[in-house]
Structure formats: C-alpha cells, structure tokens
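The exercises below are meant to be worked with the sequence and the model side by side.

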Amino acid sequence: MSMYANVLNNLVELKLEKIKNNLNDYLESIKGKDVTPLEVLKTLTDMELDFKRIRSSKMRISIANFPFERSLSDFDFQYQLSINKKEISDLATLRFIESNNNVLFVGSPGVGKTHLATAIGIEAAQKKYGVYFISCHDLITQLGLAFRENRLEARLRHYAKYRLLIIDEIGYLPIDKQGANLFFQLIARRYEKCSTIVTTNQPFSKWAEVFDDSVIASAILDRLLHHSTIINITGKSYRTKDKLVTNNKSS
C-alpha cells in the first residue's frame, strides 16, 4: 500500500473527514511552493477545525428546534422603528445569558417577536450555549402529559437544563389553572439560574386572564421580570407589509 493510501486510511480512522476529502487538492496546490511541514499541518488542521465547528453549530441549531433560521441581519429595523437596534445588538452579544437575565418581546402578532427571539437563540447556539425553542402551547402540553404519566420531575429537569429557553406565543391560546401551575414550576426552577426569552401578544396587565389565575400570573411575572430586558414592539405586521404596499400602489 502506498504512503498516500496509508495516510488516507489514517485520516479515516481518526475521523478527519475534511482533511481526507481535500488532501489531494491541497497537495497539488502547494507543489513547487516553499511550504514548511508546520505550515502544512497548520493549514490542514485549520481546515478540519473550521469544518467541525460549522458541523457542530448546525447540529446545535437543529437540536434547538427553531421554527426557521433567520439572523438579525435579516430583520428590517427600518420597518419597525419602535425597536432600538442598539438594544437588540447588545442582546446579541449574549451578555444577558451570562447574567442569567431574561428577555421579553411584547407586541401584536406579526411584528417580528419570533424572528428576533430566534435570531438571538441562533447566536447563542452558535456560541455553544444549550438552547431550546418551544411554543407556550406545546410546552404546557408536554408538561401536562408528563404530569399525567407521573414523570413531571424528569420533564421539568429537561426544560430547566437549557442555558437559554425560548418560549414563544404566550397568550395566543388559553391556559387552564393546571397548565398555569406547571408553567410556574418551570419558571421558578429557572429563576436566577439561566435565561428565558418569551414572546407574547398580551400586555402584562392581561396575564391574569391568560393564565386564568391572578396569583400564579403575578408569581410568573415576578420571576420573569426581576432580571429582564423588555422589548415593546408597536409597529405594523410584517405579514401585511407587502399587501399594504400593493394596495397603496393600486390606489
């Protein structure tokens, strides 16, 4: 077996996939060049590390259960002038996660709450934080099922372990008292230990109606708001943006 074939076999055993797939082209590219062995190793290992970082990032994003992949650069801050772009950029540094702070996006449907929450979540996943995205309805459904099957403790531990948990669409669907109680238990576990992002279409003054219990709603808000950044979005819906432009042109 040739030396080259031996090297390829070693790369396969070591699971250095990127180096293996690019070795031939790289060796061709440095023919006749004055390249030291150390420079060769540096280039090849950099190539492999970049590949592994990208693959690992994609895996974390996939596991995080995001509804879509969008970044802050995709967000039209000129359309939503009520948002302070510098404040969002600061959140994207992820300092709030290191401080175990929360973020609450409040606004009517379609104004970009989920987009911003997801974009910040993707930033966190790319920086190797444990992140999970779930709708409020799905979360309470999962907790309720676990309660009925006598495995609530394990499910609460599961959702409590993420450094960043994103709970989307609080207030879109009614929550009964048992659901409110289960939701409170999770928020209480995460309080001052890790960060939570929530999006809601309801002002905090209406959360007593959302959770069907003023005492539990108050207790939930107390823990979410204590260390938090609140982003109120008062602009128009992105979903009607194009239609409004079309109607204006036709008129």
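**Exercise 1.** Which residues of α4 are buried, and on which side of the helix do they lie?

*Solution.* The model is a predicted one, in which local features need pLDDT of at least 70 and side-chain atom pairs count only at pLDDT 80 or more, while totals for chains, interfaces and linings use all residues. Residues are numbered from 1 along each chain as its sequence is written, and side-chain values use heavy atoms, with hydrogens and water left out.

Step 1: helices are DSSP runs of H or I with at least four residues, strands are runs of E with at least two, and both are numbered from the N terminus. Buried means under 20% relative accessible area, exposed over 50% and partly exposed in between, with a 1.4 Å probe and protein chains only. In α4, the buried residues are Ile88, Leu91 and Ala92.

Step 2: because these residues cover an arc of only 105° around the axis, they lie on the same side of α4; the arc is that of the directions from the helix axis to the C-beta atoms. An α-helix has 3.6 residues a turn, so residues three or four places apart point the same way.

Step 3: these buried residues pack against α5, β1, α6 and β5, where contact means heavy atoms within 4.5 Å.

**Exercise 2.** Identify the members of the largest nonpolar core that touch the most other members, and the element that supplies its largest share.

*Solution.* Step 1: a nonpolar core is a set of buried Ala, Val, Leu, Ile, Met, Phe, Trp, Tyr and Cys residues joined through side-chain atoms within 4.5 Å. Of the 31 residues in the largest one, those touching the most other members are Phe66, Ile88, Phe96, Phe105, Leu116, Val131 and Ile197.

Step 1: the largest share, seven residues, comes from α6.

Step 2: when neighbours within four places in sequence are left aside, the contacts of Leu116 include Ile88, Phe105 and Ile233.

**Exercise 3.** Describe how α7 and α9 pack.

*Solution.* Step 1: α7 (residues 136-148) and α9 (residues 177-190) pack at about 95°, their axes 9 Å apart. Axes are lines fitted to C-alpha atoms over the stretch in contact, and angles run from 0 to 180 degrees between N-to-C directions.

Step 1: α7 is therefore roughly perpendicular to α9, a term for angles of 65 to 115 degrees.

Step 2: the contact involves, among others, Leu139 and Leu143 of α7 and Leu182 and Leu186 of α9.

How values were computed. Parallel < 35°, antiparallel > 145°, perpendicular 65-115°, else oblique.
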